[in-house]
Amino acid sequence: MRADRVFAYGAAAGLLGDLLLGDPRRGHPVAAFGRAAAAVERTLWRDHRGWGALHTAVCVGGATGLAVLASRRVRTSPAASVALTAAATWSVVGGTSLGREARAIGGALAAGDLAVARERLPHLCGRDPQALDADGVARAVVESVAENTSDAVVGALVWGAVAGVPGLVAFRAVNTLDAMVGHKSPRYRRYGWASARLDDLAGWPGARLTAVLAAVAGPDPRGALRAWRADARRHPSPNAGPVEASFAGTLGVRLGGTLAYGGRVEHRPVLNGTGRAVEVHDIERAVRLSRRVGWLALGVSAAARILLGRTGRASSTRKGLTA
């Protein structure tokens with residue numbers, strides 16, 4: 001079986017596994033990677049960019065190297081290759097858990113239980129929940145669903161299409177490291193610089209694809225494109241900007257504004273300023289849009305992988321004829 005079909009079948013099985021099973025409660029490979037990365041950090045940490053770059057290289061390189069070795073071990077068996085791709089896809093995507101957490105918070109808000117909603121919000125994003133009212137929590141959830149659709153689903157599929165299992169694993173390793181050390185706290189401002197920049201680079205194609213697919217799959221494609229053009233570049237994140245703006249425009253809501261992280265208040269630009277304020281029912285709308293975007297991303301990634309495979313074979317054939 002050709003590598004392009006291995007990816008298509010394996011990624012589809014892995015995404016279906018995520019839909020049916022979600023993340024494992026124990027023994028999650030991403031959690032194991034996080035523990036290993038934390039152990040490396042305890043050994044290497046210095047308040048210096050170079051040591052942070054070494055940390056990034058060791059962690060991402062190690063995880064990717066293991067994925068390369070595993071892929072080589074099974075490459076002579078199509079069934080094993082599909083199974084490995086499915087397992088890797090299921091391990092690195094998190095669309096179902098993202099939706100479950102968002103819906104749990106939405107359910108608490110709908111029941112009027114702001115305390116429970118605040119308690120669950122850190123499962124989804126790193127904001128200070130005690131500083132948020134019900135509308136602020138709802139906005140934070142919609143923004144997190146939008147951003148994590150790219151980080152937890154689409155970006156992984158894009159790099160899986162490019163590089164198979166090693167691409168899937170490398171992207172998740174980069175994204176996990178960014179969540180661990182890539183923020184601008186005093187401890188990680190220098191040490192996490194390399195992880196943050198690498199995450200920006202790795203997330204670039206997935207974020208743009210997510211923004212496009214949100215416009216295609218959402219109720220207001222023109223609104224999505226309008227908000228993307230007008231507001232995305234004003235966001236401090238080069239990748240969250242297009243995604244959140246596109247979600248805001250197609251859902252007809254306002255995102256961005258004042259928020260707090262780790263006791264630090266940020267005043268971010270408003271995305272889709274002509275939209276209305278986020279309401280509790282918009283959480284469910286965002287989750288459904290996220291799921292549609294994920295499945296569309298699978299189709300686009302698999303089709304791109306097949307097309308690249310055919311192009312490569314055609315090029316090889318032409319070279320053989322002219323040799």
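Q: Which residues have the most contacts inside the largest nonpolar core?
A: They are Ile105, Val141 and Ile283, in a core of 63 residues. The model is predicted, so read the values as computed from it.

Q: Which helix gives the most to that core?
A: Helix H7, residues 134-181, with 20 residues.

Q: What is Ile105 in contact with, leaving aside neighbours within four places in sequence?
A: Ala117, Arg120, Leu121, Leu124, Val137 and Val141.

Q: At what angle do the axes of H5 and H7 cross?
A: Roughly 175 degrees, and the axes come within 10 Å. That angle makes H5 roughly antiparallel to H7.

Q: Which residues make that contact?
A: From H5 there are Gly95, Leu98, Ala102, Ile105 and Leu109. H7 brings Ala134, Val137, Ala138, Val141, Ser144, Val145, Asn148, Thr149 and Val153.

Q: How many of them are nonpolar, polar or charged?
A: The contact of H5 with H7 has 10 nonpolar and 4 polar residues, and no charged ones.

Q: Back to Arg120. Which residue does it form a salt bridge with?
A: Glu101, with the closest N and O atoms 3.2 Å apart. Arg120 lies in helix H6 (residues 114-120) and Glu101 in helix H5 (residues 95-110), so the bridge ties together parts that are 19 residues apart in sequence.

Q: Where do Glu143 and Arg127 lie?
A: Glu143 is in helix H7 and Arg127 is in the loop between H6 and H7, so this pair links parts 16 residues apart in sequence.

Q: Are those two buried or exposed?
A: Glu143 is buried at 2% relative accessibility. Arg127 is buried as well, at 6%. The cut-off for buried is under 20%.

Q: What about Arg276, which residue does its side chain meet in a salt bridge?
A: Asp282, at 2.7 Å from N to O. Asp282 is buried, with a relative accessible area of 1%, whereas Arg276 is partly exposed at 30%.

Q: Changing topic: at what angle do the axes of H3 and H4 cross?
A: Roughly 155 degrees, with the axes of H3 (residues 49-74) and H4 (residues 78-92) coming within 8 Å. H3 is therefore roughly antiparallel to H4.

Q: Which residues make the contact there?
A: Ala70, Ser71 and Val74 of H3, and Ala80, Ser81 and Leu84 of H4. By class they divide into 4 nonpolar and 2 polar, with no charged residue.

Q: Where does His55 lie?
A: In helix H3. His55 is buried, at 0% relative accessibility.

Q: What does His55 touch, not counting residues up to four places away in sequence?
A: His55 touches Ala37, Val40, Glu41, Leu44, Leu177, Val181 and Tyr191.

Q: Which helix is Pro242 found in?
A: Helix H10, residues 240-251. Pro242 counts as buried, at 4% relative accessibility.

Q: And what is Pro242 in contact with, leaving aside neighbours within four places in sequence?
A: Arg208, Ala211, Trp228 and Ala232.

Q: What separates the C-alpha atoms of Pro242 and Glu279?
A: A distance of 21 Å, for residues that are 37 apart along the chain.

Q: Last one, Asn272. What is its phi?
A: Phi of Asn272 is near 60 degrees, a positive value in a residue other than glycine. Most residues other than glycine have a negative phi.

Q: Where does Asn272 lie?
A: In the loop between strand S2 (264-271) and helix H11 (281-322).

Q: Is Asn272 buried or exposed?
A: Asn272 is buried, at 7% relative accessibility.

Technical notes:
Residues numbered from 1 in each chain as written. Predicted model: local features only at pLDDT ≥ 70, side-chain atom pairs only at ≥ 80, totals over all residues. Heavy atoms only, no water. Axes fitted to C-alpha atoms, helices over the stretch in contact; angles between N-to-C directions. Helix = DSSP H or I, 4+ residues; strand = E, 2+ residues; numbered from the N terminus. Parallel < 35°, antiparallel > 145°, perpendicular 65-115°, else oblique. Contact = heavy atoms within 4.5 Å. Nonpolar A, V, L, I, M, F, W, Y, C, P; charged D, E, K, R; others polar. Core = buried A, V, L, I, M, F, W, Y, C linked by side-chain atoms within 4.5 Å. Buried < 20%, exposed > 50% of the residue type's maximum accessible area, 1.4 Å probe, protein only. Salt bridge = Lys/Arg side-chain N within 4 Å of Asp/Glu carboxyl O.
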